[in-house]
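Please keep the sequence and the three-dimensional view at hand.

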Amino acid sequence: MKPQTMMNNSGVSVGECASFYKIPPQNVIVIFDDISLEPGKLRIKRKGSAGGHNGIKSIIAHLGTEEFPRIKLGVGKKPHPDYDLADWVLSNFPKKDIPLMREAMDNALGALEMMIKGDTEGAMSKYNS
């Protein structure tokens with residue numbers, strides 16, 4: 001599903017979809033960017049806090065729980081402390097990171113397929129970096 005809300009309000013779309021289709025939170029898999037991970041790194045978790053990510057805060061608020069699986073895709077820190085965070089995460093990847101990001105997206109797809117089949121532990125073991 002691609003929400004039609006802004007990222008910071010993702011929970012509106014995710015919560016309504018989960019409610020409409022009666023999908024329990026543990027079956028909602030969220031893939032999102034993470035500035036605390038180096039570009040191209042993946043972190044798969046069964047549950048967790050928002051970690052400062054406003055979109056995840058919104059999803060937690062609308063699902064009413066932190067207990068949903070997620071795939072974090074590292075995009076790296078902003079290049080300078082004064083750089084606007086929104087500008088950073090919405091910008092194109094630096095050319096040097098494009099091969100890393102392509103590989104990470106392929107790995108995220110592989111992890112997602114395993115998770116859909118019920119093998120989140122296997123996905124975590126294989127793809128967490």
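At what angle do helix α1 (residues 10-20) and helix α2 (residues 54-63) pack? In this predicted model, the angle between the two helices is about 35°, and their axes lie 7 Å apart. The crossing that α1 and α2 form is right-handed. On the side of α1, the contact is made by Ser10, Gly11, Val12, Val14, Gly15 and Ala18. Helix α2 contributes Gly55, Ser58, Ile59, His62 and Leu63.

The loop between β2 and α2 holds His53. With a relative accessibility of 16%, His53 counts as buried, because the limit for that term is under 20%. Apart from neighbours within four places in sequence, His53 is in contact with Met7, Phe32 and Asp33. His53 and Ile116 are 63 residues apart along the chain, and 24 Å separates their C-alpha atoms.

The strands come next. Strands of a sheet pair through backbone hydrogen bonds, in either a parallel or an antiparallel sense. Here, 3 strands form an open sheet in the order β1-β3-β2, and their pairing is mixed. Strands β1 and β2 stand at the edges and have a single partner strand each, so one side of each lacks a neighbour in the sheet. On average, neighbouring strands of this sheet are turned by 20° against each other, direction ignored. The pairing of β2 with β3 is antiparallel and extends over 4 bridges. Within it, Ile44 has Ile71 of β3 as its bridge partner. Helix α4 packs on the sheet and touches β1, β2 and β3. The direction of α4 makes about 175° with that of β3.

Strand β1 (residues 30-34) includes Asp34. Is Asp34 buried or exposed? Its relative accessibility is 10%, and Asp34 therefore counts as buried. When neighbours within four places in sequence are left aside, the contacts of Asp34 are Lys72, Leu73, Gly74, Val75 and Gly76.

Which residues make up the largest nonpolar core? This core has 12 residues, namely Leu42, Ile44, Ile71, Leu73, Val75, Met101, Ala104, Ala108, Ala111, Met115, Ala123 and Tyr127. At least two of its residues come from each of β2, β3 (70-74), α4 and α5. Helix α4 supplies the largest share, with 5 residues. Ala108, one of the core residues, touches Leu42 and Ile71 when residues up to four places away in sequence are not counted.

Conventions: Residues are numbered from 1 along each chain as its sequence is written. This is a predicted model: local features need pLDDT of at least 70, side-chain atom pairs count only at pLDDT 80 or more; totals for chains, interfaces and linings use all residues. Side-chain values use heavy atoms; hydrogens and water are left out. Buried means under 20% relative accessible area, exposed over 50%, partly exposed in between (1.4 Å probe, protein chains only). Contact means heavy atoms within 4.5 Å. A nonpolar core is a set of buried Ala, Val, Leu, Ile, Met, Phe, Trp, Tyr and Cys residues joined through side-chain atoms within 4.5 Å. Two strands pair if DSSP finds at least two bridges between them. Axes are lines fitted to C-alpha atoms, for helices over the stretch in contact, and angles run from 0 to 180 degrees between N-to-C directions. A crossing is left-handed if the near helix is turned anticlockwise from the far one by less than a right angle, and right-handed if clockwise.
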